[in-house]
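This briefing describes the architecture of the structure shown below.

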Amino acid sequence: MARVNPEFATEISKSGAGDFKACFNCGTCTATCSLSTTENSFPREMIRYSTLGLEDEIKASLKPWLCYYCGECSTQCPRQANPGELMMSLRRWLTSKYDWTGLSGLMYKSLTLSLAAFILALVGVIAFAGSVGFELEKMVHFGHYFEMIAIGTVGFVILLPNIIRMWWFTIHKPKTKVPFVNYLKATGDLFVHMFTQKRALGCDDNQFRWFEHFILVLAYLSLLFTTVFLDWFAATNLFIIVLGYIESVIIAVVTVDFVSSRMKKDKAVSKNSQPSDWFFVIWLLLMGLTAFMVRLFIDLNLLETNKWLYLVHLTVLVQWALIIVPFGKWTHFLYRSFAMYLAKLKA
Amino acid sequence: MKERIGVYICHCGGNISDYVDVEELGKMFHAEDGIVIAKDVMFACADSNQKAMVNDIKEHNLDAIVVASCSPKLHLHTFKNVATRGGLNPTNYVQVNIREQCSWPHSDKPREATVKAAGLIRAGINRVSHSESLDNIEISVKKTVLVVGAGVSGMKAALDLSKLGNEVYLIEKDYFVGGRIAQYEKLFMSGQKGKDIVAALYKEIKNQTNITLFTGATVDKVSGSLGNFHVDVKVKPRFINGKADKQAVKTAMEECRVFIHDDFNFGMAKRKAIYKNYPEALPDVPVVDAEALKNETDFVSKFSAALNLNEKEEILSLIVGSVLVSTGYDSYQPAEGEYGYKTIPNVITLPEFKRLMELSPDKLIYNDKQIKKVAFIYCVGNRQKKGDNKYCSRQCCTSTIYTSLQLKEKYRDITTFHLYRDIRTYGKQEILYDQSAKQGDIYLRYDEKEPPVVGLDGKTIIVKVKDYLTAKMEMEVEADMVVLVTGMVAREDSQQISEHFKIPIGSDKFFNEIHPKLKPVETVIKGVYIGGTCQGPKNISESVQSSLSAAAKISALLKSGTVSVDPIIARVDADVCTWCGKCANVCDYTAIKEVDADGKRIALVNKAICTGCGICAPVCPVNAIEIAQYTDMEIESMIDGFMDKTEVKEKDTTAVEVVETGGVRMKEYPQIWKQILQTMEGTKKSIPQVATEISADPNVVTYHMMTMNKYSVVMADGMDEKEEYFYYKIKNQ
C-alpha cells in the first residue's frame with residue numbers, strides 16, 4: 001500500500017520538471033516513444049509515479065535511464081506536460097538519491113552551493129600554488145599526480161558505493177532474484193553501452209546527436225588516458241603529442257556545438273538547461289581548451305612566462321574532478337551504462 | 001358509407017412498382033363497387049399529381065380518398081391537405097403504406113408483396129368508407145401562465161413569458177427566490193455569484209407589471225385542462241405584519257436571541273428565529289419561525305407591531321392557460337456510512353462544502369481542524385450500475401473542479417485529491433480541468449467495482465483506492481476532509497407534483513418529456529411544460545435554455561387565444577353508458593368524469609384533456625365508449641378487407657419477353673441476370689470471362705453472380721458455394 005505524496009511534485013520540480021502534473025494519462029508519450037517496450041514501458045508510468053509521489057517505485061526503476069531524450073513525447077503531448085523533461089529531472093533526482101554523500105542533491109537544488117564549491121576549489125588551487133611559490137614544475141608535477149589520486153579516490157569512495165546503492169535500490173530491494181552467473185554474462189552489455197551508447201541510435205531524432213556524443217566520449221576518455229597514463233604534458237613522443245592535440249580539439253569543437261545548442265534551445269534535449277547541464281558542457285569545453293593551450297604553450301616555450309594558464313587549467317581540472325565528476329552530471333556516464341547492465345539482469 | 005371513393009396507387013419512381021404490380025392493382029380496384037377512380041401514379045406526392053387529385057375530387061364528386069404509397073409519417077399531412085383543397089374533410093382520407101410494408105421488405109417475393117399490398121389497400125378502402133367527417137376541436141385558452149418554482153430557470157422563463165405578453169404567476173416553495181443557485185458562490189464558467197444573478201433577475205421581475213410572485217407557495221390542487229387549468233396555491237404565512245414599518249421588522253430581527261437550525265447552511269451555522277436565508281435574500285422580508293418564538297412572549301409583545309404570529313395560511317385559486325413546471329432537483333443525500341458520511345468526522349457533501357467555503361472567509365476550518373488536504377470522491381449516488389440512479393449528473397465534475405480552483409485561489413495552501421471514474425468536463429468546461437491539473441490537483445481513477453474506502457487511522461482520515469491509472473495499485477490518500485461529490489436526484493416532492501399535473505415520471509424519477517429531441521419540453525399533458533432540472537440533470541446554462549424554450553412553446557400555444565386539437569379522442573354513447581367508472585379508473589389523464597345527463601349517470605370525456613390513447617374503450621363492459629377514427633366498425637372492416645381473398649392475376653406477359661432460363665422467371669430479376677444466364681448457358685465460365693462477353697463492369701458482374709450463387713441460380717467457374725464475394729474478388733484479382 002503506497003501513500004500518495006503530493007510534496008514530491010514540488011521536490012522534483014526543483015530538479016527542473018515542468019508541467020508534468022497537467023498529464024491526463026492518455027499515454028500518447030508511451031505510444032510515441034521508440035525506446036519504450038512492453039516490458040519497459042515509459043514515460044507515462046514515470047509521470048504517474050511522480051504525480052502520486054511514489055518515491056520507492058521511482059527509486060526501484062531503471063526506466064529514467066532507459067530514455068535517451070529525443071523529445072518526441074514532449075512534442076506529441078496533448079497537454080504540454082513535457083514528459084521528456086520529467087524523465088530528465090528524474091535522472092537528476094535519482095543521481096542525488098544514489099549519491100551516499102547527499103552532496104549531489106544539495107548542489108542540484110542550490111546554485112549558490114554549487115558556485116561556493118567552485119570558488120572553494122579555486123581558492124584551494126591558488127593556496128596550493130602559493131605554497132609551492134608558483135613554481136611551474138612543481139605545479140605541473142602535482143597536477144599530474146592529482147589526476148591519478150582524484151580518479152582513484154573519487155572512483156572508490158564516491159562512485160563505486162553509489163553504483164552499489166543503485167544496485168541496491170533497483171535489484172536488491174525489489175527482491176529481484178538474479179543468478180550470480182548472470183552478473184558475469186551481462187558485463188559485455190555494460191561495456192558495449194558504456195563506450196558506444198548504442199541505445200541512443202533507437203531514438204526518433206537524427207543520429208547525428210548520437211554520433212557527436214559518441215566521438216565526444218571517445219575523445220574525452222582517450223584524452224584522460226593520454227594525460228594521465230601517457231603524461232601528455234611531459235611527453236616527447238610526437239605521436240602522443242599529436243594525439244593529445246587531436247583529442248582536445250575534438251572535445252572543444254563538440255562541446256562548443258553543445259553549448260551553442262543549449263543557448264539556441266533548438267533541440268528538445270537542449271531546451272531546458274539546469275545549472276548542472278551548463279557546468280557540465282562548459283567545464284568540458286574549458287578542459288579541452290585549456291589542455292590544448294597548455295600543451296601549445298609548452299611547445300612554443302611560452303608556459304614559463306604564462307604560469308597563469310596552467311593555473312587556470314589546474315583549477316578547471318580540480319573543479320571537474322572534485323565537483324562535476326562525483327556530484328554533477330558526469331555520473332550519467334556511469335549510471336546510463338549500469339542501467340543497461342542492471343536492466344539486462346532484471347530481464 | 002362512402003360511395004364515391006378515389007384510390008391512388010403510387011409507383012414511388014420504382015421503389016414500389018419494381019416489386020409490387022401497381023398497374024394491376026389499379027385495374028383490379030377500378031372494377032370494384034363504390035370506387036369511382038383507381039389508378040396508378042408515378043409519384044403521388046408530386047405537385048402535378050396533387051393538382052390532379054384535387055381536380056378528381058371536384059370533377060367526380062369524390063367523398064373519400066385513399067393513397068397507397070409510403071409511410072404516413074412522411075406524407076399524411078400532404079394528402080390531408082389535398083383532401084382539404086378538394087373540399088373534403090381530411091378525416092375522409094386514409095393513407096396505406098405499401099412501400100415500407102410491402103415493396104421494401106418483400107423485394108425477394110414480388111408476387112406476395114403485391115398480394116399483401118392488395119390486402120392493405122382493401123383494408124384502407126373499407127376503413128375510409130366508414131369514415132366520418134370530423135372537425136378539429138377548438139379550445140379557448142387564457143393567456144395566463146403558472147410557473148412553478150422560482151429558481152434560475154423559473155425566473156428566466158417567467159420574464160420571457162411576461163415580455164411575450166402573458167400574465168404570469170410565479171410561485172416558489174421557499175420563502176426566498178433563487179433556488180439552488182443562491183446557495184452557491186461563484187459559478188462556472190463566468191465566475192458570477194449565484195446570489196448576484198438571483199438579485200438581478202428579481203429586480204427585473206419586480207419591474208414587469210404582469211408577473212405576480214408568491215413565495216412560501218405550493219400547489220395544492222389542480223383541475224381543468226389546457227387553456228383553463230384551475231390551480232389552488234397554498235401560501236404559507238411569514239408571520240410578519242405586512243403593513244409594519246420595515247425598520248421595525250429589521251430591529252426585531254436584530255434583537256431576536258432565539259437560534260434555530262440553519263437549513264440553508266446545512267446546519268453548519270445557527271440562524272435566528274426571525275431570519276433570511278442570507279442577508280441579501282429576496283424578497284427583502286424576513287420569515288419568522290413561529291414555533292421557536294412560541295414561549296418568547298416578552299419579545300413577541302415588544303414587537304407586536306412587526307410580528308403577526310396568528311397569520312394563517314392562505315389558499316389562492318388561479319386560472320391559467322398553461323403551466324411551466326420548473327421545480328428543480330435535490331442533491332443526492334448519501335446514506336449514513338456511505339463513504340463514511342455521518343460516521344466519520346469531516347466527511348461532507350459537495351453542496352455542504354460549498355456553503356462551508358462561503359462561511360469561511362480566511363481559513364478553512366471544520367470541526368476545529370484546519371483543512372489543508374481535501375479528497376473529492378466523484379459520482380456518489382450517480383452512474384450506479386446496480387442502483388436506481390444510472391444517469392450521470394453532467395455538472396458535478398465541472399462543479400468540483402471549479403470548486404478546487406476556487407479553493408486554491410481563496411486559501412492558497414491546499415492540496416486536493418480527485419478520486420474520479422471519468423472526467424466529463426465537456427465543451428468549454430474542459431479548460432477548467434486543464435487548469436486544475438496544472439495547478440497540481442491529483443487525479444486518481446477508481447472503478448465502480450472497487451470504490452474508494454474512507455477510514456480512520458487514529459485521527460487521520462485515510463482514503464484507500466485502487467488507482468486504475470497506476471496499474472490498479474492500492475493507494476492511500478491522507479486527507480483532512482473528504483467531500484462526496486453528490487449528483488442530482490429528482491426532488492423528494494416530485495411524486496406529488498407529478499400527481500397534481502399528471503406529468504409522467506421516468507425510471508430515474510425525473511419528469512419525462514414526450515420526445516428527447518423533437519418535443520424536449522412538452523409533456524403528454526397538453527398545456528403542461530417542463531423546464532430545468534426537474535426533467536433531468538443539467539447545468540445552469542442548460543436549465544435556462546430548456547425553460548426558455550418551454551416559455552417560447554407556451555407563448556406560441558396561447559398566442560391566438562384558441563388552440564385547435566385533433567378530433568381523435570374518446571366519446572361516450574350516452575344511451576348505452578350506465579356509468580360503472582371503469583373507464584375513469586384506467587384513464588391516465590383523468591379526462592373522464594361522471595356527469596348527470598337527463599337524470600342518468602354517465603361518463604363524460606373532457607375534450608381538451610383526452611389524448612385519444614384508447615385505453616378506456618376495451619374496458620367498457622357495455623361497449624359505450626369508442627375512439628373517433630378508430631371505431632369498432634372501422635377496425636373490423638379493415639380486418640375484413642385484409643382477410644378478403646385477393647387473386648392477383650398473372651401479369652399480362654405478351655408485352656414482355658420472358659425467357660425461362662435455369663427455372664428463373666426473368667421479369668422478377670434484374671436485366672443483367674438474363675444476360676449472364678444466356679452467356680453461361682450450359683458452360684462453366686469465370687466471372688472475368690462473363691464480364692468480357694457481355695461487356696459489363698467486372699465488379700458489377702461479380703456482385704450479381706455472387707448473389708445468383710447465393711440463391712443457387714448459377715455458379716461461376718472457380719467459385720464454390722461457400723466462398724464469399726470479397727474472397728472471390730481477392731482470389732481472382
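Strand β1 (residues 2-3) of chain A pairs with β26(B) in the parallel sense, over 2 bridges. Within this pairing, A:Arg3 has B:Glu476 of β26(B) as its bridge partner. The model is a predicted one.

**Contact between chain B and chain A**

- In the contact of the two chains, 15 residues of chain B meet 15 residues of chain A.
- On the chain B side, the elements that contribute two or more residues are β22, α12 (430-438) and β26 (473-479) of chain B.
- β26(B) provides the largest share of that side, with 6 residues.
- The side of chain B that touches chain A comprises 7 nonpolar, 3 polar and 5 charged residues.

**Domains of chain A**

- Chain A is divided into domain 1, covering 7-98, and domain 2, covering 103-346.
- A distance of 26 Å separates the C-alpha centres of domain 1 and domain 2 of chain A.
- Contacts between these domains involve 25 residues of domain 1 of chain A and 30 residues of domain 2 of chain A.
- On the domain 1 side, α5 (63-66), α6 (72-76) and α7 (83-98) of chain A each supply at least two residues.
- Of the elements on that side, α7(A) gives the most, namely 7 residues.
- By class, the side of domain 1 of chain A that touches domain 2 of chain A has 9 nonpolar, 10 polar and 6 charged residues.

**Four-stranded sheet of chain B**

- An open sheet of 4 strands in chain B has the order β2-β1-β3-β4, and its pairing is parallel.
- β2 (35-41) and β4 (93-97) of chain B are at the edges with a single partner strand each, so one side of each has no neighbour in the sheet.
- With direction ignored, neighbouring strands of this sheet are turned against each other by 15 degrees on average.
- Within the sheet, β1 (residues 5-10) and β3 (residues 64-69) of chain B are joined in the parallel sense over 5 bridges, and B:Ile9 stands opposite B:Ala68 of β3(B).
- Helix α1 (residues 22-30) of chain B packs on the sheet and touches β1 and β2 of chain B, with its direction at about 175 degrees to that of β2(B).
- Helix α5 (residues 110-129) of chain B also packs on the sheet, where it touches β1, β3 and β4 of chain B, and its direction makes about 160 degrees with that of β3(B).

**Five-stranded sheet of chain B**

- A further open sheet of chain B consists of 5 strands with parallel pairing, in the order β18-β27-β21-β22-β23.
- Its edge strands, β18 (347-349) and β23 (442-445) of chain B, each pair on one side only.
- From one strand to the next, the twist averages 25 degrees.
- β21 (residues 373-380) and β22 (residues 415-420) of chain B run parallel and are joined by 5 bridges; B:Ile377 has B:Leu419 of β22(B) as its bridge partner.
- Helix α10 (residues 350-359) of chain B lies across β18 and β27 (481-486) of chain B, at about 95 degrees to β18(B).
- β22(B) belongs to this sheet and also gives two or more residues to the side of chain B that touches chain A.

**Hairpin of chain B**

- Strands β9 (residues 217-225) and β10 (residues 228-235) of chain B run antiparallel and are joined by 8 bridges.
- The bridge partner of B:Val219 is B:Val233 in β10(B).
- The hairpin has 2 residues between its strands, and B:Gly227 takes a positive phi near 95 degrees there.

**Helix packing in chain B**

- The axes of helix α6 (residues 152-163) and helix α7 (residues 194-207) of chain B come within 10 Å and cross at roughly 30 degrees.
- Because of this angle, α6(B) is roughly parallel to α7(B).
- The crossing in which α6(B) passes α7(B) is left-handed.
- The contact is formed by B:Val152, B:Met155, B:Lys156, B:Ala158 and B:Leu159 of α6(B), together with B:Ile197, B:Leu201, B:Glu204 and B:Ile205 of α7(B).
- The residues of this contact divide into 7 nonpolar, no polar and 2 charged.

Definitions and conventions:
Residues numbered from 1 in each chain as written. Chains lettered and ligands numbered in written order. Predicted model: local features only at pLDDT ≥ 70, side-chain atom pairs only at ≥ 80, totals over all residues. Axes fitted to C-alpha atoms, helices over the stretch in contact; angles between N-to-C directions. Parallel < 35°, antiparallel > 145°, perpendicular 65-115°, else oblique. Left-handed = near helix turned anticlockwise from the far one by under 90°. Contact = placed C-beta atoms within 7 Å. Nonpolar A, V, L, I, M, F, W, Y, C, P; charged D, E, K, R; others polar. Domains from an automatic or database assignment. Pairing = 2+ DSSP bridges.
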